[in-house]
Amino acid sequence: MGNEPESGSTDNSANDDVRVSLGGELILPIMALVFTLYYFSTIVDSPWTAQVNAFMVGSLLISVIVLFLLRMAIMVSRGEADLGLGNLLQPAKLLPSRLIYIVLIVLYLLGIEWGGGFTISTFLFLLCAMLLLNKGKDKAFVLGLSAGLALLGYGVFIIAFETRFPAGPFEKLMQGVF
Amino acid sequence: MEIDLLFFINLFLDTLSYWWVIVPSIFLGLIVGAIPGFSAANTIIILLPFTLIMEVEVGLIFMIALYSSSRMGAGIPAILVNIPGTAGAAATPLDGYPMTKSGRGQQALAISFVSSTLGGLLTTVLAIAAMPILAKVGFYMHSVEMVVVMLFGISLIASIAAKDTLKGLIAGFFGLMIGSIGADHVYATPRGTFGFLEFYDGVPLIPALVGLFAVSEALLVIEGESVLVKKKQIEEDHSSWNETIIGMKIAFKHWWHITWNSLIGLVVGVIPGAGASIASFVAYQQSRTYSKTPELYGTGHPPGLIAPESANNGVTSGTLIPLLVLGIPGGATAAIMMVVLQYQGVNTGPRLFLDNPTLGYGVFMAMFVTYLFMLLTIMPLSRYMSRVTLISTVYMSPLIISFTLIGSYVPRTYMFDMYLAFAFGIIGYIARKTGYHVAAILIGVILGPLLEQYMLRALKMSDGDVMVLFRSDLANVLWIVLVVTLSFPYIMKKFRSRKDTPPDKPEGQENVFAKD
């Protein structure tokens with residue numbers, strides 16, 4: 001899964017009439033380019049020791065991106081490709097639940113930061129995420145599994161290994177016991 | 001004390017008597033190695049209070065067993081769910097995961113275990129025999145040579161993502177730029193930090209590793225019901241001991257491959273800072289370059305799994321050589337071991353083998369015995385471990401997200417690192433969906449600060465003269481090896497295509513087709 005190129009380019013090779021969608025492939029080079037230019041802006045007035053490596057690597061990166069864009073422009077001008085997003089947002093039916101899933105992850109992080117601590121935040125995140133992905137099925141099992149996993153994490157990491165995980169009301173309450 | 005065969009036999013028997021430390025440490029190491037972001041180094045740090053009150057021999061054996069088995073453990077999630085437990089296993093999924101996807105997860109685990117164990121055993125024996133000679137490699141690797149070694153590693157990125165070299169280079173150089181975030185080494189000028197103080201020490205590797213591999217994978221796996229392609233689930237569900245035996249046979253059949261790649265791991269491991277991630281990619285690249293079937297690599301080809309697994313286990317003994325002989329830790333875990341040894345009043349360095357040879361050689365004997373125990377205890381587990389792939393992604397994905405994000409919090413206890421891991425997860429997800437290699441980005445992030453460090457040192461010594469990179473004989477040899485390694489696949493490809501081209505058609509026939 002992860003190591004196979006999953007861009008639109010791979011999907012369409014069998015059909016010459018279908019254009020390859022390369023728009024999604026532009027996201028990473030554009031991010032890299034913007035970041036490199038931002039990085040350069042932070043070292044313009046710095047001593048050479050702070051600049052030399054970044055200018056060397058950054059110049060190489062920009063050169064490669066330019067070559068990549070040129071290749072893409074040639075393909076688009078020949079009608080072999082378009083700037084559609086390809087399979088970046090595919091499968092479309094999963095898009096809403098994936099977006100909600102990402103929101104849940106952000107809420108999980110905020111929950112920990114805002115004092116929810118590891119155990120309660122993990123329990124709530126696991127519960128909501130599993131219900132979301134399981135389309136609301138097996139509620140009792142999901143509830144039990146989420147609680148079990150959160151407590152297992154608490155037991156192994158916080159109690160057994162004394163790992164410094166973010167503490168919340170549950171951890172503080174249990175501090176009196178353990 | 002005389003260092004002869006009897007000395008080593010006594011040492012071996014003495015180390016065997018510590019089985020009660022070794023066996024539990026092996027299982028602990030396997031578990032922590034398999035949890036992304038929860039490395040052996042972390043575990044040793046967490047368990048430091050216990051390690052410090054142990055006898056020096058017991059403490060060392062515990063750390064060595066944990067270190068060796070965690071290296072093998074890191075390969076388990078890499079093979080089963082495409083999430084390397086540590087950066088050292090980043091090359092393992094290239095062929096391990098496709099094997100799992102095609103219902104051969106159990107076989108892949110057996111191959112990985114045999115390769116890791118044999119690679120570890122072999123290099124440990126070699127390290128014991130040739131330790132004083134190997135340690136001298138460290139003396140010749142100065143900043144100029146290290147720059148070339150770093151560039152060698154980076155150039156492999158493009159080769160690894162050979163389906164599109166440009167994309168491989170973009171991912172790799174982007175990783176290098178990300179790895180350059182932080183205060184500069186001389187004047188502490190903040191660079192590319194977006195104003196975050198948490199970036200002043202550079203980009204922490206654990207959040208990068210967790211995000212690029214674990215979070216992005218967790219976001220991706222929800223597209224399917226399980227990690228396996230559905231029709232292959234039945235095969236995996238009905239897999240038997242036969243799969244383990246087949247895997248073992250495949251691994252033993254490639255004994256020469258294991259030998260060669262574990263040696264690569266040993267040599268790379270001796271170079272301080274190079275580590276398992278570079279060794280596994282170098283081994284993978286070499287394996288593919290000299291293979292008769294390079295096109296099979298990345299599709300679930302056993303030699304593509306054997307190479308990184310035997311190499312990253314070869315590294316374990318390699319990293320300890322500079323620590324014990326020179327007093328320079330070769331990696332994070334070695335550095336922690338050094339702290340523990342110093343706390344116990346043991347000074348590592350050239351005098352260790354004169355003053356306390358039992359302890360010096362005992363470290364490698366502990367590693368040897370650990371690998372021996374691993375061969376006997378881990379193999380039977382492969383049948384059950386492969387069942388992980390049958391767990392529904394509905395439960396797997398949230399579990400991966402929550403436990404690995406929290407794992408990225410552990411090293412520095414910054415909430416920032418959890419957000420950072422999430423951000424890397426989004427980058428990794430986009431990269432995977434659009435055909436960029438996340439491993440290339442990660443290798444860039446790892447090598448970024450190292451490259452800068454060695455580059456600056458080299459330039460400072462030459463008053464800014466870039467030609468210094470070509471003034472050392474060893475560096476020039478390395479440059480040649482670099483050029484040969486980069487150009488060899490293209491030459492081989494051209495050679496093969498010329499060989500495979502059918503004989504020229506008769507002139508008349510060619511003209512007929514041309515007219516059509």
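Start by colouring chain B of this predicted model by pLDDT. Select helix 23 (residues 415-433) of chain B, which has the highest mean pLDDT among the elements of that chain, 92. Then select helix 26 (residues 507-515) of chain B, where the mean is the lowest, 34. Chain B as a whole averages 77, and 76% of its residues score at least 70.

The pLDDT is below 50 here, and the stretch has one contact in the model beyond near neighbours in sequence. Next, go to residues 226-231 of chain B, where pLDDT also stays under 50. For these residues the model has 19 contacts beyond four places in sequence. Where pLDDT is low, the predicted coordinates should not be read in detail.

Now show both chains. The model scores ipTM 0.88 and pTM 0.70. Select the interface: 62 residues of chain A are in contact with 54 residues of chain B. On chain A, helix 2 (23-43), helix 3 (48-77), helix 4 (95-133) and helix 5 (139-160) each supply at least two residues of the side that touches chain B. That side of chain A has 40 nonpolar, 16 polar and six charged residues.

Finish with helix 4 of chain A and helix 23 of chain B. Their axes are 10 Å apart, and the helices pack at an angle of about 175 degrees. Angles over 145 degrees count as roughly antiparallel, so helix 4 of chain A is roughly antiparallel to helix 23 of chain B.

Which residues meet between helix 4 of chain A and helix 23 of chain B? Show A:Ile105, A:Leu109, A:Ile112 and A:Glu113 from helix 4 of chain A, which meet B:Met415, B:Met418, B:Tyr419 and B:Phe422 in helix 23 of chain B. By class, this contact has seven nonpolar residues, no polar residues and one charged residue.

Note on methods: Residues are numbered from 1 along each chain as its sequence is written. Chains are lettered from A and ligands numbered from 1 in the order in which they are written. This is a predicted model: local features need pLDDT of at least 70, side-chain atom pairs count only at pLDDT 80 or more; totals for chains, interfaces and linings use all residues. pLDDT is the predictor's confidence in each residue, from 0 to 100. Helices (H or I, at least four residues) and strands (E, at least two) are DSSP runs, numbered from the N terminus. Two residues are in contact if their C-beta atoms, placed from the backbone, lie within 7 Å. Ala, Val, Leu, Ile, Met, Phe, Trp, Tyr, Cys and Pro count as nonpolar, Asp, Glu, Lys and Arg as charged, and the others, Gly among them, as polar. Axes are lines fitted to C-alpha atoms, for helices over the stretch in contact, and angles run from 0 to 180 degrees between N-to-C directions. Angles under 35 degrees count as roughly parallel, over 145 as roughly antiparallel, 65 to 115 as roughly perpendicular and the rest as oblique.
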